[in-house]
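Reader: Give me a close look at how the helices end, what covers them and how the strands pair. Keep it brisk.

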Amino acid sequence: MELIKDAITPFHEQTVGFAGERVDTRGYLDLRTLLGIGDKSREIRVRFILVEANTSYNALLGRPCLNAFGAIVSTPHLAMKFPSECGEICTVRADQKTARQCYIASLKATTYRKERRPEAILVDLDPRTNTDDRIQPQGEIKPFVLGKNAEQTTNKGADLTPVEENNLTTLPRSNNQLFVWSASDMLGIHPSVITHKLSIFREARPIVQKKIRLGTEKRVAVQKEVDKLVKAGFIWEITYTTWLANVVMVKKANGQWRMCVDFIDLNKACPKDNYPLPSIDRLVDGASGHTVLSFLDAYFGYNQIPMYAPDRDNTAFITEQANYCYEVMPFGLKNAGATYQRLMDKIFHNQIGRCMEVYVDDMVVRSCSHQQHLKDLTEVFHQLKQYGLRLNPSKCTFGVSVGKFLGFMLTNRGIQANPDKCRAILEMRSPTKLKEVQCLVGCLTALSRFIPKLFDHIKPILKNMKKHVPRHWDDQCEAAFSAIKNILTNPPIMSRPTEGFDLQLYLSASSHSNLAGGRRTILSGGESSIGPTNSGKTTLPVLSKPPSSIKGQHLADFAAELPPPAEPSVWNLNVDGSSDKRGGGAGIVLEEPNGLLVEQAISFTFQLSNNQAEYEALISGLLFAAELGIEHLECRMDSQLVVGHINGTFQVKDNHLLRYYHKVSDLIKVFATFKITYVPRAQNFRADLLSKLTHARGNSQLTSVIKTMLEQPLLETCSTSVIPSKVDWRQDIIQLVIQQEQGTLLTFYIYRR
């Protein structure tokens with residue numbers, strides 16, 4: 001129907017079909033709907049919900065819409081009657097031939113096209129989708145015998161002293177019951193500790209997927225995996241099923257097959273568990289800068305958590321021989337990652353953040369000395385033994401100094417850039433297509449903390465990332481790409497500030513903005529700084545504090561402290577206000593001639609019209625500029641009415657807007673020079689976006705936009721000061737009343753014209 005995407009409002013709820021099935025929605029939009037032709041018609045605004053449906057109709061009118069029109073439908077006559085705006089009864093008749101064609105088209109069977117599942121869904125199913133970011137020790141390691149057989153081994157660091165090697169070998173051997181070499185040896189987590197519940201919607205209709213035929217190689221791999229799961233007690237045969245899913249075989253990097261179950265229909269019927277996963281930046285910062293590291297990995301971690309007993313039948317899947325269901329939590333369920341993270345937080349509640357870091361089933365034990373590391377490992381082993389969690393010895397490594405964790409290299413000096421990611425960029429050829437340029441920018445963003453002034457380096461590349469640009473790669477882009485490659489040949493090492501030591505702050509100046517802040521960096525010379533620069537350095541005694549984000553209010557404070565220029569500079573102010581059913585908001589963009597931007601987003605908690613919102617935005621911008629001490633200001637806004645009021649081309653007729661006009665006139669007198677001009681909305685898009693930003697949900701705290709809230713209009717309440725007169729005219733009347741009550745004879749003088 002060629003709908004504009006910007007007009008579609010996101011709407012993530014599901015609708016229920018005629019057969020009880022749940023259908024995902026893409027959003028909703030309001031359209032002007034017209035019934036009838038010419039004078040015998042009526043038009044109202046109708047809200048439509050967009051769904052992905054393969055039908056012969058473009059739109060369906062529900063009962064709320066028909067009630068709004070006041071329409072009555074007659075199915076046998078294929079007609080509908082409704083009153084027009086003037087009160088006349090209008091009739092709309094359908095074409096029987098067209099209705100018959102639509103009915104026949106809806107009965108035709110459509111070919112099933114299997115949609116490719118996006119990566120975002122896989123991340124929701126399992127946070128460990130990217131296997132490159134898993135834990136992996138670096139450097140030389142060597143195995144040592146852990147169990148009774150010579151094949152039952154685990155790994156340890158090769159650069160340990162004999163005493164350290166003996167201690168790190170003895171401790172795991174004394175706790176060898178925590179390591180298993182087969183799934184049948186696992187005890188599993190007790191159901192009283194945790195179970196995985198599906199919490200299926202009550203109105204959800206069970207779906208039985210049609211069986212998919214597999215090739216010979218895949219059938220053999222499925223049967224082998226099923227026998228292994230049955231022997232381990234993870235699955236058992238089921239005869240009567242309500243939910244039934246197919247088996248999907250995925251080939252690993254080593255050439256082997258991994259059996260997965262397509263729970264896509266079951267996952268749609270379950271709500272999302274929004275249990276918070278730990279921040280990757282916090283985990284990497286906490287695990288870096290330690291002398292000794294030990295990497296632990298759970299053996300089939302997901303399968304160690306039992307399924308909630310009433311939900312086991314819902315995990316049924318189909319094979320060539322029989323149908324099976326899981327007794328343990330399988331891979332592929334919607335909230336499996338959240339359940340596992342909840343278990344890890346419960347087991348290692350006292351250890352996380354102090355001596356270890358955990359992300360789902362990846363565990364890192366870190367210590368500053370070998371003696372402390374033995375104590376930390378003993379404490380971790382005690383928790384594992386208490387809850388019955390078992391480890392995979394082939395993926396555990398003890399006593400190393402360098403390792404990969406969540407895509408970063410951890411060393412005793414700090415955090416290093418992932419050499420695999422750096423090598424991928426160094427070996428990447430110059431892109432020519434837009435998708436290749438976007439891929440390059442995504443790779444550079446992943447290494448942004450290791451590339452100083454990344455935005456300045458890739459500015460030529462970002463300018464060419466537009467569809468209408470004839471060439472997406474030119475000589476300037478090639479020079480910027482070469483400069484980035486030179487930086488990645490020897491990237492800096494990031495380290496966190498050490499408490500008790502002086503922090504050296506290195507300031508850099510540029511023609512666009514002067515900001516200082518960020519993460520401490522160890523340079524090649526062994527010095528410490530917050531950001532590597534090429535300009536002069538000034539060492540300042542600063543108290544060491546954890547790194548914090550640059551807030552929008554810091555930008556405003558910084559702008560207020562800028563030294564006055566030699567010549568008077570004119571600041572540019574762009575404002576915009578908006579108001580709708582969800583609320584009102586204002587966007588303010590204040591720009592200095594040198595390019596410094598200060599942005600502010602204001603949300604209104606009171607009801608107001610669009611013109612009032614424009615005035616509120618203008619008043620807020622003027623107050624903001626006055627607070628910064630700006631003397632010369634040029635304002636731009638896309639409200640032709642407000643600009644006309646201020647410039648005198650339009651007359652202010654509304655009494656309420658007249659009060660706003662006087663308020664703006666008083667504020668303009670604060671500035672030495674002031675000018676306001678009208679610009680189209682396309683040239684004021686930044687302020688317009690900020691005014692609508694206040695309606696968004698879940699705004700991040702790491703932003704450079706100042707966000708405020710107004711609970712009442714900025715107009716000051718008009719008040720008058722009344723000074724009471726010293727002579728009260730009522731005293732004479734009161735005195736007469738008192739004399740009459742006392743019986744005093746009153747003398748009245750009557751005058752005649």
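Author: Gly 289 follows helix H7 (residues 280–287). The phi of Gly 289 is positive, near 75°. Helices here are DSSP runs of H or I with at least four residues, strands are E runs of at least two, and both are numbered from the N terminus. This is a predicted model, in which local features need pLDDT of at least 70, side-chain atom pairs count only at pLDDT 80 or more, and totals for chains, interfaces and linings use all residues. Residues are numbered from 1 along each chain as its sequence is written, and side-chain values use heavy atoms, with hydrogens and water left out.

Stay with H7. Its buried residues are Leu 283, Val 284, Asp 285, Gly 286 and Ala 287. Buried means under 20% relative accessible area, with over 50% exposed and partly exposed in between, for a 1.4 Å probe and protein chains only. The cover over these H7 residues includes strands E13, E16 and E17. It also includes E19 (403–405), E20 (408–410) and E21 (415–416).

Three of those strands lead on to a sheet. Six strands make up this open sheet, in the order E8-E9-E18-E13-E17-E16, with mixed pairing. Strands count as paired if DSSP finds at least two bridges between them. E8 (141–145) and E16 (356–359) are the edge strands, each with a single partner, so one side of each has no neighbour in the sheet. From one strand to the next, the twist averages 20°. Pro 143 has Asn 155 in E9 as its bridge partner. Helix H9 (residues 370–387) packs on this sheet. H9 touches E13 (292–297), E16, E17 (362–367) and E18 (397–400). Contact here means heavy atoms within 4.5 Å. The direction of H9 makes about 145° with that of E17. Such angles run from 0 to 180 degrees between N-to-C directions, and axes are lines fitted to C-alpha atoms, for helices over the stretch in contact.

Another sheet has three strands. It is open, ordered E4-E5-E6, and antiparallel in its pairing. E4 and E6 are at the edges with a single partner strand each, so one side of each is left without a neighbour in the sheet. The twist averages 20° from one strand to the next. Three bridges link E4 (residues 72–74) to E5 (residues 79–83). Ser 74 faces Ala 79 across this pair, and Val 73 faces Met 80. E4 and E5 form a hairpin with four residues between them. In that turn, Leu 78 has a positive phi of about 50°. On its way to E6 (residues 89–93), E5 forms five bridges. Here Ala 79 stands opposite Arg 93. The E5 and E6 hairpin has five residues between its strands, and Gly 87 there has a positive phi near 95°.

Now a later helix end. Just after H17 (residues 640–647), Gly 648 takes a positive phi of about 90°. The buried residues of H17 are Val 642, Val 643, Gly 644, His 645 and Ile 646. They pack against helices H16 and H18 and strands E28 (632–637) and E29 (673–678).

Those two strands pair with each other in the parallel sense, over six bridges. Leu 633 has Phe 674 in E29 as its bridge partner. E28 also pairs in the parallel sense with E25 (residues 571–580), over four bridges. There, Trp 571 is partnered by Leu 633.

The two helices pack as well. H16 (residues 610–627) and H18 (residues 655–668) meet at an angle of about 15°, with axes 10 Å apart. They are therefore roughly parallel, a class for angles under 35 degrees, against over 145 for roughly antiparallel, 65 to 115 for roughly perpendicular and oblique for the rest. The crossing is left-handed: the near helix is turned anticlockwise from the far one by less than a right angle, while clockwise would be right-handed. On the H16 side, the contact residues include Tyr 615, Leu 618, Ile 619 and Leu 622. Those of H18 include Leu 657, Tyr 660, Val 664 and Leu 667. By class, the H16 and H18 contact has 11 nonpolar, three polar and two charged residues. Ala, Val, Leu, Ile, Met, Phe, Trp, Tyr, Cys and Pro count as nonpolar, Asp, Glu, Lys and Arg as charged, and the others, Gly among them, as polar.
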